[in-house]
Amino acid sequence: MEKIQQQEELMLLRITGEDRPGLTASIMAILAKYDASVQDIGQADIHSTLSLGILIRVQEKYSGFVMKELLFKATELNVNIGFIPITMAQYEDWVSRQGKNRYMLTVLGRKLEARQIGAVAQLIADQGLNIDAIIRMSGRSSIEHPRENARACIQFSVRGNPSDKNELHAQLLRLSSEMEIDCSFQCDNMYRRMRRLICFDMDSTLIQAEVIDELARKHGVYDQVAAITASAMRGEIDFKESFTRRCKLLKGLDVSVMREIAENLPFTEGVDRLMYVLKKYGYKIAILSGGFTFFGEYIQKKYGIDYVYANELEIDETGHLTGNYVGEIVDGRRKAELLKLIAQVEKVDLQQTIAVGDGANDLPMLSEAGLGIAFHAKPKVVANADQSINTIGLDGVLYFLGFKDSYLDEKAQ
């Protein structure tokens with residue numbers, strides 16, 4: 001082995017300049033001529049500007065010829081090329097670190113500026129992490145024709161051990177609040193790339209409304225319902241009691257009113273795009289809601305959702321609400337149970353599940369899922385969730401799942 005090492009040389013080639021078709025093929029033709037082995041290779045292309053790195057192993061007797069021919073070819077191609085010798089110890093150290101302690105830090109917002117990207121990069125450095133790569137996940141945006149509901153996303157691939165994960169989470173929350181961005185810090189493992197089941201809350205997540213409030217308005221009991229809701233939020237009564245008392249106030253409401261509300265639900269920005277992509281790529285989708293089955297099933301039919309679990313209002317023979325409900329109340333505990341049950345039925349590991357919600361009763365399923373995302377949520381929920389989205393629409397979830405805009409067809413753009 002020592003003899004082989006003395007006869008071979010490790011060299012890092014750095015090639016920069018204007019990209020063009022055939023450039024990599026030309027470089028490889030020269031390396032092949034001298035039987036060089038490619039130990040590592042990586043390329044980035046930003047607005048036709050190339051940055052290509054190639055780590056080669058070549059016999060010492062050929063290294064001078066390789067450099068000479070590459071320099072001539074670089075001049076011909078109008079690119080710059082640099083040569084950096086690498087020791088065997090350096091190379092073996094790189095090998096020992098591959099695949100270990102890698103994380104993906106996704107940053108998204110309506111727009112991303114230098115101050116925001118710089119703040120995140122500084123936080124990465126402060127945690128003792130090294131940035132291996134930066135990838136733009138969102139499509140390029142036109143300056144002359146800016147799109148409505150713009151979105152921007154980049155992803156940092158980082159390596160190392162965070163010096164303090166709790167502090168990192170706290171600092172990411174602070175940056176998100178101060179700089180109008182959202183950040184997701186995930187371990188880069190196979191589960192991150194193989195999510196299969198996603199469970200959504202309904203009210204204030206899939207739709208921009210609390211249906212019980214809309215029903216109460218139509219029935220003239222909104223103030224009473226709102227007072228009970230406020231009492232529950234203060235912790236004076238639990239969810240079950242709050243739900244039961246509010247249902248009582250809806251007694252006598254005609255079912256036609258429910259139908260009218262269902263047909264005019266205000267869907268959250270990005271829902272159409274998100275559902276299209278999830279269905280196309282084979283995700284199983286569930287609604288787990290403390291709201292009402294009537295509206296969940298309406299959304300189910302619209303998007304082809306696989307499962308709906310919510311609360312069923314009792315309707316009498318005349319088509320009016322009785323003020324009672326049927327079956328078990330879907331509260332926070334039940335949502336977490338249902339997520340695990342559906343995962344079991346679908347033969348999906350819990351690490352392959354995603355949960356998205358906005359309220360305190362969503363926290364159990366957010367913590368149970370492999371990826372829990374607080375969406376435009378209350379401060380308590382954001383503080384206790386590992387990931388959150390507050391700046392853009394629900395289709396921001398796609399970036400946390402690793403989808404690039406360039407992966408998607410025109411319908412999903």
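Predicted model: local features only at pLDDT ≥ 70, side-chain atom pairs only at ≥ 80, totals over all residues.
Biologist: Okay, and where is valine 345 found?
Modeller: Valine 345 is in helix 14, which covers residues 332-345.

Biologist: Is valine 345 buried or exposed?
Modeller: Exposed: its relative accessible area is 51%, and the cut-off for calling a residue exposed is over 50%.

Biologist: Let's zoom out. How many helices and strands does the protein chain have?
Modeller: The secondary structure comes to 17 helices and 15 strands. The radius of gyration is 27 Å, well over the 22 Å that the globule rule gives for 413 residues, so the chain is more spread out than a compact globule.

Biologist: What box do the C-alpha atoms fill?
Modeller: Roughly 95 × 45 × 40 Å, taken along the principal axes.

Biologist: And what share of the 413 residues is buried?
Modeller: Buried residues make up 46% of them.

Biologist: What about contacts with a separation of 6 or more: what part comes from residues 24 or more positions apart?
Modeller: Those pairs account for 70% of such contacts in the chain.

Biologist: Switching to the inside, where is leucine 215 found?
Modeller: In helix 8, residues 211-219. Leucine 215 has a relative accessible area of 0%, so it counts as buried.

Biologist: Which residues is leucine 215 in contact with, leaving aside its neighbours within four places in sequence?
Modeller: Leu250, Leu253, Met258, Ile261, Phe292, Phe295 and Leu313.

Biologist: How far is leucine 215 from serine 406?
Modeller: Their C-alpha atoms are separated by 42 Å, and the two are 191 residues apart along the chain.

Biologist: One more residue: what is the place of glutamine 155?
Modeller: Glutamine 155 is in strand 7, residues 152-159.

Biologist: Buried or exposed, that glutamine 155?
Modeller: Glutamine 155 is buried, because its relative accessible area is 6% and buried means under 20%.

Biologist: So what is glutamine 155 in contact with?
Modeller: Setting aside neighbours within four places in sequence, glutamine 155 is in contact with Met104, Leu105, Thr106, Ala133, Ile134, Ile135, Met137 and Arg192.

Technical notes:
Residues numbered from 1 in each chain as written. Heavy atoms only, no water. Helix = DSSP H or I, 4+ residues; strand = E, 2+ residues; numbered from the N terminus. Buried < 20%, exposed > 50% of the residue type's maximum accessible area, 1.4 Å probe, protein only. Contact = heavy atoms within 4.5 Å. Rg over C-alpha atoms; globule rule 2.2 N^0.38 Å.
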